[in-house]
Amino acid sequence: MLFNCLAKQIRTLPSTFAVACRMSTVAVENADFTEVEEPPMVYGGYTNLRQAWVSNLDTIKENPSTIIDLHPQVFGSRPRIDIIHENIVWQRKYRYVSYANTKVTAEVCMSSKKPWPQKGQGRARHGTRRSPLFKGGSVIHGPRSHTTHFYMLPFYKRVYGLTSTLSVKLIQDDLHIVNNLDLPTDDPGYMNDLVDSRLWGPSVLFIDDTDTMPRNISLALNQIKHMNLMPVYGLNVYSMLKHETLVLTVAAVKKIQERLLYQLHRPDGHQATKKFMLNKQH
């Protein structure tokens, strides 16, 4: 019944409608289609691809050789300043231990003699000057042992803290990538001249994928207090913000991307978000 009604309505349309349809069909067939510019490439369906130059350390003058692709979820995420701040507070507190200690009445080094007679002087009754009512006496409900400020930041806040800090460093042009950490000499002056010529800032943190660093750069940075070496497994928000410039090797970039992408999309993410227990049994 419905199809019959539609057929009747179509037959009752004016003839001009059919002519217009035929003209539009001819126009489409004779149209000269030109290539439309494609939209910018989207990496993984999230955001635009990030890229950076790969430089060298074997010469003082910077000599970029190739371009490396950086995953946008690691080096192009939206900076969360609040999460970065929470990571800094967490890293400064979890290693802090308060050693404050107060004495109870029995531990105060003072005579236990009754300060004055019980009656006859119109004064309040006291049995010892070691009471917390007197100056220099004991303390009530004070700290009695070492107090730790340790706590564990939620798992994904730690992960997003790393991605946000790496993204901020890249946006501010404070993140540089090199082929490797091989230097032609172990002279500290060479490293100072290299950093000054490339405007890398006074403090530099070099990251490699292994904790076995090349000999020359290890000896050179051993005498420079504001430049440090660190393996990938030690990368943290506090150290990245403490140094003005972050220098990564190509191998370190690949390992950082591999590990952070796994943590962002790990299948057992609900297990990682469980409440931290200090002595939990696996």
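Helices and strands here are DSSP runs numbered from the N terminus, with at least four residues (H or I) for a helix and at least two (E) for a strand.

A word on the model comes next. The model is predicted, with local features needing pLDDT of at least 70 and side-chain atom pairs counted only at pLDDT 80 or more, while totals for chains, interfaces and linings use all residues. Residues are numbered from 1 along each chain as its sequence is written, and side-chain values use heavy atoms, with hydrogens and water left out.

Back to Thr128. With a relative accessible area of 19%, Thr128 is buried, where buried means under 20% relative accessible area, exposed means over 50%, and partly exposed lies in between (1.4 Å probe, protein chains only). Leaving aside residues up to four places away in sequence, Thr128 touches Ser111, Ser112, Lys113, Pro115 and Phe134; a contact means heavy atoms within 4.5 Å. A polar atom of the Thr128 side chain also lies 3.1 Å from the backbone nitrogen of Arg130.

Zooming out, the protein chain has ten helices and ten strands. Of its 282 residues, 35% count as buried. Among contacts with a separation of 6 or more, 72% come from residues 24 or more positions apart. The chain exposes about 19,200 Å², and carbon and sulfur atoms supply 55% of that; these areas come from the Shrake-Rupley method with a 1.4 Å probe, and for residues only the protein chains shown count as cover.

Now for the sheet. Six strands form an open sheet with mixed pairing, in the order E4-E3-E7-E10-E8-E9. Strand E4 (66–70) and strand E9 (227–231) stand at the edges with a single partner strand each, so one side of each has no neighbour in the sheet. Neighbouring strands of this sheet are turned by 30° against each other on average, direction ignored. Two strands count as paired if DSSP finds at least two bridges between them. Strand E8 (residues 204–208) and strand E10 (residues 245–249) run parallel and are joined by four bridges, and Val204 stands opposite Thr245 in E10. Helix H9 (residues 250–264) lies across strand E3 (50–55), E4, strand E7 (175–178), E8 and E10, and runs at about 90° to E10. For such angles, axes are lines fitted to C-alpha atoms, for helices over the stretch in contact, and values run from 0 to 180 degrees between N-to-C directions.

Side chains of opposite charge can pair when their charged atoms come close. A salt bridge is a side-chain nitrogen of Lys or Arg within 4 Å of a carboxyl oxygen of Asp or Glu, and by this rule the count comes to five. One of them joins Arg144 to Glu107, with the closest N and O atoms 3.1 Å apart. Both partners are in the loop between E5 and E6, yet the pair links distant parts of the chain, 37 residues apart. Arg144 is partly exposed at 41% relative accessible area, and Glu107 is partly exposed at 39%. Another salt bridge pairs Asp82 with Arg80, the closest N and O atoms being 2.8 Å apart. Asp268 forms a salt bridge with Arg266, with a closest N and O separation of 2.9 Å; here Asp268 is partly exposed at 26%, whereas Arg266 is buried at 19%.

Conventions. A polar contact is a pair of N or O atoms within 3.5 Å; within protein, one must be able to donate a hydrogen and the other to accept it, and residues adjacent in sequence count only if both atoms are side-chain atoms.
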